[in-house]
Amino acid sequence: MRAAVLGRPVGHSLSPLLHRAAYTALGLTDWTYDALDIGAEDLPVLLAGLGPEWRGFSVTMPCKRAAVQVADEVDALPRLLGAANTLTRLDSGGWRADNTDVAGLGTALRAGGIDEVQHA
């Protein structure tokens with residue numbers, strides 16, 4: 001199985017290192033994770049040409065808006081935001097767009113002791 005981070009630039013991304021370490025720890029020896037340097041305009045062509053071994057992508061700039069536009073299914077949050085940071089392969093072969101950024105930020109704020117936002 002294959003996965004990757006998509007964006008431009010991605011050469012600095014730690015995602016491949018982190019995901020590969022997790023795959024090793026989980027015994028997922030048949031999984032790989034790469035960094036693909038692509039722009040938003042390249043995303044539709046890339047996704048259309050991939051085989052079924054590709055299971056998902058972490059999506060970073062400038063591809064977050066394009067991920068919403070090219071996905072076959074879009075969760076409510078990325079539709080509202082107009083941006084997705086995750087693409088996962090559907091059983092049908094298409095792609096589902098999700099956004100975990102908001103939940104991650106909320107979790108980090110709560111872990112830091114911020115339970116609610118004070119409006120000025």
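UniProt places the feature "domain: Shikimate dehydrogenase substrate binding N-terminal" (unreviewed entry) at residues 5–87; such annotations may be inferred rather than shown by experiment. The model is predicted: local features need pLDDT of at least 70, side-chain atom pairs count only at pLDDT 80 or more, and totals for chains, interfaces and linings use all residues. Residues are numbered from 1 along each chain as its sequence is written, and side-chain values use heavy atoms, without hydrogens and water.

The end C-alpha atoms of residues 5–87 are 10 Å apart, and 36% of the span is helix and 23% strand. Helices (H or I, at least four residues) and strands (E, at least two) are DSSP runs, numbered from the N terminus.

The lining of the largest pocket includes Ala3, His19, Trp31, Arg55, Phe57 and Thr88. A pocket is an open set of points on a 1 Å grid over the protein atoms alone, where a 1.4 Å probe fits, with protein on both sides within 12 Å along at least five of seven lines; lining residues have an atom within 4 Å of a point. Helix 1 (15–25), strand 3 (54–59) and strand 5 (86–89) are the elements that each give two or more residues to this lining, and strand 3 gives the largest share, 4 residues.

Phe57 lies in strand 3. Its contacts (heavy atoms within 4.5 Å) beyond four places in sequence include Leu6, Leu36, Asn85 and Trp95.

| Item for Phe57 | Value |
|---|---|
| Relative accessible area (buried: under 20%, 1.4 Å probe, protein chains only) | 2% |
| C-alpha to C-alpha separation of Phe57 and Ala4 | 5.0 Å |
| Sequence separation of Phe57 and Ala4 | 53 residues |

Definitions and conventions: Buried means under 20% relative accessible area, exposed over 50%, partly exposed in between (1.4 Å probe, protein chains only).
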